[in-house]
Amino acid sequence: MNMRYRYWIYQIVGWLSFTYLYNNIRTDGFAFRLDVFIDGEFYGAILSGIFYTHLLHLYLRKQNLARYRFGSLFLKLWFSVLLTSLGITATFLTYEIIIAGGWNKFMVSMDAARTFTSRTTTFMVIMGIIWLVWHLIVWAWVIIYFSLLQSRFKRMALEAENRLKQAELDTLKSKLNPHFLFNALTSIRSLIAENPLRAQEAVGELAEVLRSAMLVEHQQQISFAKELEVVQHYLAIEKIRFEERLQVQYEIDPAAYEQSMPPMLLQTLVENAIKHGISQKAAGGDIRIKTQMENKHYYIHVENTGKIAEDTLQNGFGITGTIKRLALLYGDKATFSIRNTGQHTVHATVKLPRV
């Protein structure tokens with residue numbers, strides 16, 4: 001609903017409810033009276049409350065005070081609340097004087113409530129009490145006003161943050177696919193002259209990878225099973241290229257297949273294992289993909305033959321992109337680490353929350 005309409009609904013319903021309850025508090029106890037609806041003073045009080053607090057709303061909006069912390073604005077708010085409550089009290093007094101038939105008759109009517117020797121003193125005390133009551137009521141209005149607006153600002157800030165995260169994730173994904181495609185085409189190119197038949201098979205596997213990538217193009221998370229399918233097609237391409245020099249092992253917990261994960265994340269890790277590990281070794285090497293389930297998380301391990309350079313650890317797109325995607329999607333609920341283990345093995349671990 002539009003904020004302006006919501007504001008007026010809150011104003012009308014709030015002041016109507018408050019004035020009705022206020023008029024039903026009597027010295028002999030609370031009662032739901034219906035005769036207040038035929039009393040002009042009842043509607044006058046509602047209009048007075050709406051009018052003066054709307055002036056206060058315009059002042060707060062012009063000064064943009066609602067965007068600041070409530071505590072830091074206390075003095076400015078106190079002054080504006082003071083003026084608002086004085087305005088309501090003055091309106092109330094004017095209405096009573098008119099009803100009484102003039103100032104003199106009004107002052108005479110004060111004798112009924114006279115508790116002090118002086119009529120003027122009685123008047124001042126009663127007006128002071130009425131002003132104090134309205135002062136507290138306006139403060140309550142300000143607290144509710146700030147609570148509602150600041151909740152809205154927090155919600156808007158959260159939505160803006162989510163949109164920014166979404167934009168960053170989309171940017172990362174748009175970089176991942178060309179990055180992967182370039183590496184895959186490079187692998188296939190080397191096969192065309194050596195073995196056209198194997199190159200043809202590799203193109204078929206690449207088509208399967210691209211088809212899967214297109215299906216998850218607009219998703220931020222997919223099942224592990226789907227991601228593993230993409231990886232298997234990719235490794236089939238690389239297997240054609242490396243033949244027996246590439247050995248792949250899978251150790252997948254059946255419970256992992258239904259878990260969710262960011263698309264192309266495992267693909268990126270395997271791609272890095274090929275690019276920085278297997279392809280650097282004349283004898284090739286092994287890639288081992290393993291999952292491990294725990295109570296609230298599950299782990300994806302990618303272990304490969306090779307040694308990762310310090311520069312790649314610090315600046316490699318696959319590694320930095322993986323860390324950033326996990327942070328945007330999961331915050332501190334997901335982690336990623338990659339390190340050399342021994343002289344000829346690299347171990348990458350992704351920790352993800354279980355669904």
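Modeller: Two strands count as paired if DSSP finds at least two bridges between them; strands (E, at least two residues) and helices (H or I, at least four) are DSSP runs, numbered from the N terminus. This is a predicted model, in which local features need pLDDT of at least 70 and side-chain atom pairs count only at pLDDT 80 or more, while totals for chains, interfaces and linings use all residues. Residues are numbered from 1 along each chain as its sequence is written, and side-chain values use heavy atoms, with hydrogens and water left out.

Colleague: In what order do the five strands of the open sheet lie?

Modeller: The order is β4-β6-β7-β9-β8, with mixed pairing. β4 (246-251) and β8 (335-340) are the edge strands, each pairing on one side only. From one strand to the next, the twist averages 10 degrees.

Colleague: Which strands pair in the parallel sense, and over how many bridges?

Modeller: β4 and β6 (residues 285-293) do so, over six bridges. Within that pair, Leu246 is placed opposite Gly285 of β6. Antiparallel pairing joins β7 and β9 over nine bridges, with Asn304 facing Val346 in β9. β8 and β9 are also antiparallel, over six bridges. There, Ser337 stands opposite Thr349 of β9. The hairpin of β8 and β9 has four residues between its strands, and in it Gly342 adopts a positive phi near 80 degrees.

Colleague: Which side chain makes a polar contact with that of Thr349?

Modeller: A polar contact is a pair of N or O atoms within 3.5 Å; within protein, one must be able to donate a hydrogen and the other to accept it, and residues adjacent in sequence count only if both atoms are side-chain atoms. Here the side chain of Thr349 is joined to that of His301 at 3.2 Å. For contact in general, the criterion is heavy atoms within 4.5 Å. Setting aside residues up to four places away in sequence, Thr349 touches Tyr299, Ile300, His301, Thr335, Phe336 and Ser337.

Colleague: Is Gln259 buried or exposed?

Modeller: Gln259 is buried, because its relative accessible area is 4%. Gln259 lies in the loop between β4 and β5 (260-261). Beyond its neighbours within four places in sequence, its contacts include Ile222, Phe224, Met293, Tyr298 and Arg354.

Colleague: At what angle do α8 and α10 pack?

Modeller: Axes are lines fitted to C-alpha atoms, for helices over the stretch in contact, and angles run from 0 to 180 degrees between N-to-C directions. α8 and α10 pack at about 160 degrees, with their axes 10 Å apart. Angles under 35 degrees count as roughly parallel, over 145 as roughly antiparallel, 65 to 115 as roughly perpendicular and the rest as oblique. The two helices α8 and α10 are therefore roughly antiparallel to each other. Leu265, Thr268, Leu269 and Asn272 of α8 meet Gly318, Ile319, Thr322, Arg325 and Leu326 of α10.

Colleague: What is the handedness of the crossing of α8 and α10?

Modeller: A crossing is left-handed if the near helix is turned anticlockwise from the far one by less than a right angle, and right-handed if clockwise. The crossing of α8 and α10 is left-handed. In contrast, α1 passes α2 in a right-handed crossing. Helix α1 (residues 3-23) and helix α2 (residues 40-63) pack at about 135 degrees, their axes being 9 Å apart. That angle makes α1 oblique to α2. Among the residues in contact are Trp8, Trp15 and Tyr20 of α1 and Phe42, Ile46 and His54 of α2.

Colleague: Where is Phe37 placed?

Modeller: Phe37 is in the loop between β2 (29-30) and α2. At 36% relative accessibility, Phe37 counts as partly exposed. Phe37 and Tyr20 are 17 residues apart in sequence and 8.6 Å apart in space, C-alpha to C-alpha. Not counting residues up to four places away in sequence, Phe37 touches Tyr20, Phe42 and Tyr43.

Note on methods
Buried means under 20% relative accessible area, exposed over 50%, partly exposed in between (1.4 Å probe, protein chains only).
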